[in-house]
Amino acid sequence: MAEINLRRARQIIKGIMARGKEMDLKPLSVIVLDSGGNVKAFERDDAAAPGRFAIAHGKAYGSIMLGMAGKAQMARAEQQAYFMAAVNGVFGGQVVPVPGGILVRDAKDNIIGAVGVTGDTSDNDAVAGLAGIEAAGLKGEA
């Protein structure tokens, strides 16, 4: 199974930031994690709030650790709040179960990492994230 290397992580971030500008989104922060939940790259728009790293990380971290994209996590939280509360306890409060946490898949549909996008609405974060992942030649699951 392939992993996301630094070059590919930077391509993803560049594509997301470009899509965010095209959509006239608020300043974005973007993180790319490998399949083990390790940070490969992070970028914060100049005008983005400094706390956005933790939010972007929480969106991506929950996705990779659960193998479940942000939209699915949010649905699960709405249906079974106790489950997501327990999961967040297990992971030290690091999970942010909302759109903008995106699984990254290779051509064989293997999960090779996750992206967390934050700064605008969660749905817009997810749209920009998917565009950046696709621009890097990979598949995203929001």
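This is a predicted model: local features need pLDDT of at least 70, side-chain atom pairs count only at pLDDT 80 or more; totals for chains, interfaces and linings use all residues.
Colleague: Let's take strand E3 (residues 101-105): how many of its residues are buried?

Modeller: Buried means under 20% relative accessible area, exposed means over 50%, and partly exposed is in between (1.4 Å probe, protein chains only). Strands (E, at least two residues) and helices (H or I, at least four) are DSSP runs, numbered from the N terminus. In E3, 5 of the 5 residues are buried, so the strand is largely enclosed by the rest of the structure. Gly101, Leu103 and Arg105 are buried on one side, and Ile102 and Val104 on the other.

Colleague: And which strands does E3 pair with?

Modeller: Two strands pair if DSSP finds at least two bridges between them. E3 runs antiparallel to strand E4 (residues 111-118) over 5 bridges, and antiparallel to strand E5 (residues 139-141) over 3 bridges.

Colleague: What sits in the largest nonpolar core?

Modeller: A nonpolar core is a set of buried Ala, Val, Leu, Ile, Met, Phe, Trp, Tyr and Cys residues joined through side-chain atoms within 4.5 Å. Here the largest has 22 residues, and Ile12, Ile16 and Val115 have the most contacts inside it. Two or more residues each come from helix H1 (6-22), strand E1 (29-34), E3, E4 and helix H5 (122-135). H1 gives the largest share, 5 residues.

Colleague: What is Val115 in contact with, beyond its neighbours within four places in sequence?

Modeller: Contact means heavy atoms within 4.5 Å. The partners of Val115 include Ile12, Ile16, Val30, Ile102, Val104 and Ile133. There's also a second, separate core of 11 residues, with Ile31, Ala60, Tyr61 and Val87 among them.

Colleague: How many aromatic pairs turn up?

Modeller: A pair of aromatic rings is described by the distance of the centres and the angle of the planes. Rings of Phe, Tyr and Trp (its six-membered ring) pair if their centres lie within 6.5 Å; planes under 30 degrees apart count as stacked, over 60 as edge-to-face and the rest as tilted. The whole structure has 2 such pairs. Phe42 and Phe53 have ring centres 4.8 Å apart and planes at 75°, so that pair is edge-to-face. Phe42 belongs to strand E2 (residues 39-44) and Phe53 to helix H2 (residues 52-66). Phe42 is partly exposed at 30%, and Phe53 is partly exposed at 34%. For Tyr61 and Phe91, the centres are 5.8 Å apart and the planes at 90°, so this pair is edge-to-face too. Tyr61 and Phe91 are both buried.

Colleague: Which non-glycine residues have a positive phi?

Modeller: Most residues other than glycine have a negative phi. Asp24 has a positive phi near 60°; it lies in the loop between H1 and E1 and is exposed at 68%. Asp109 has a positive phi of about 75°; it lies in the loop between E3 and E4 and is partly exposed at 41%.

Colleague: Last one: how many salt bridges are there?

Modeller: Side chains of opposite charge can pair when their charged atoms come close. The rule is a side-chain nitrogen of Lys or Arg within 4 Å of a carboxyl oxygen of Asp or Glu, and the count comes to 5. One of them joins Glu22 and Arg19 at 3.1 Å, with the two residues about one helical turn apart in H1. Asp125 and Lys59 come to 2.9 Å; Asp125 is in H5 and Lys59 in H2, so the pair ties together parts 66 residues apart in sequence. Asp125 is buried at 0%, and Lys59 is buried at 2%. Back at E3, Arg105 meets Glu141 of E5 at 2.8 Å. Arg105 is buried at 16%, whereas Glu141 is partly exposed at 32%.

Conventions:
Residues are numbered from 1 along each chain as its sequence is written. Side-chain values use heavy atoms; hydrogens and water are left out.
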